[in-house]
Amino acid sequence: MGNVCKICGCTDDNACMTDEGPCSWVMSDLCSACAVIFHPGEHNLGKCELIIPKECRCCANLEEDKKAESLGYKNYWRCTEGRYDPVMPDGSTVPGSFAWSGVSRPNKAVARAQKHCPFFRVHPRYLPPAPKQTQVDTKEVEKLWKSGEGMMKDPIKRQEVD
Ligand code: SF4
Ligand SMILES: [Zn+2]
Ligand SMILES: [Zn+2]
């Protein structure tokens, strides 16, 4: 049997179509449409190339479901994009969550949600810390503001004058 993508189920005979053309294999069971590849220095897990599968468990939109935990369930997670939320007959949605085991070993519902998920975002735990923002010297800004030097005048007042 040939390769099958563990996330979308594509095969050699039925490849995903991406902007770059048909998908290719990045691992024997993972296609390029279902993976994000980071080169050394672009991630925080050492000096290797890192392949992140576009799975819920690697996604920044997965959050612990505190409400389920407060009801006594353990390891329940929610997709903040609402992809697990069941849709009611009137079109409204009910917040839905999945147990961790369902997230890391996809059952049918999770696999369906993951498949080519347009909302997938790599979880920040894989990424290097964002560069620190340059500290703004608020006192200095205040001084400039009061003196009117180098700062825009109050835009509302200006409009009134115009
Ligand atoms: S369904 Fe999509 S957006 Fe939601 S956690 Fe899974 S991959 Fe992320
Ligand atoms: Zn795939
Ligand atoms: Zn594919």
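Colleague: What pLDDT does the protein average, and what share of the residues score at least 70?

Modeller: The protein averages a pLDDT of 86, and 89% of the residues score at least 70; bear in mind throughout that this is a predicted model.

Colleague: Which elements have the lowest and the highest mean pLDDT?

Modeller: Among the elements of the protein, the lowest mean pLDDT, 47, belongs to helix α5 (residues 155–161), whereas strand β3 (residues 25–27) has the highest, at 97. Over residues 155–162 the pLDDT is below 50, and beyond near neighbours in sequence this stretch has 1 contact in the model.

Colleague: OK, on to the ligand. Which residues are around ligand 1?

Modeller: Around ligand 1 we find Cys-56, Cys-59, Asn-61, Leu-62, Cys-79, Glu-81, Arg-83, Ala-113, Gln-114, Cys-117, Phe-119 and Phe-120.

Colleague: And how does that shell divide into nonpolar, polar and charged?

Modeller: The shell around ligand 1 divides into 8 nonpolar residues, 2 polar ones and 2 charged ones.

Colleague: Now the largest nonpolar core: which of its residues touch the most other members?

Modeller: That core has 14 residues, and those touching the most other members are Cys-56, Leu-62, Val-103 and Ala-113. Strand β8 (76–79) and helix α3 (108–114) each supply at least two residues of this core. Another core lies apart from it, with 8 residues that include Cys-5, Ile-7, Leu-30 and Ala-33.

Colleague: Back to Ala-113, what is it in contact with, leaving aside neighbours within four places in sequence?

Modeller: With those neighbours left aside, Ala-113 is in contact with Cys-56, Cys-79, Arg-83 and Tyr-84.

Colleague: Where is Asp-65 found, and is it buried or exposed?

Modeller: Asp-65 is in the loop between β7 (62–64) and α1 (66–70), and it counts as buried because 20 other C-beta atoms lie within 10 Å, where the cut-off for buried is 20 or more.

Colleague: What does Asp-65 touch, not counting residues up to four places away in sequence?

Modeller: On that basis, Asp-65 touches Tyr-76, Trp-77, Arg-78 and Ser-97. As for Thr-80, which is 15 residues apart from Asp-65 along the chain, the C-alpha atoms of the two are separated by 9.9 Å.

Conventions
Residues numbered from 1 in each chain as written. Chains lettered and ligands numbered in written order. Predicted model: local features only at pLDDT ≥ 70, side-chain atom pairs only at ≥ 80, totals over all residues. Near = placed C-beta within 6 Å. Nonpolar A, V, L, I, M, F, W, Y, C, P; charged D, E, K, R; others polar. Core = buried A, V, L, I, M, F, W, Y, C linked by C-beta atoms within 7 Å. Buried ≥ 20, exposed ≤ 12 C-beta atoms within 10 Å, placed from the backbone. Helix = DSSP H or I, 4+ residues; strand = E, 2+ residues; numbered from the N terminus. Contact = placed C-beta atoms within 7 Å. pLDDT = per-residue confidence, 0-100.
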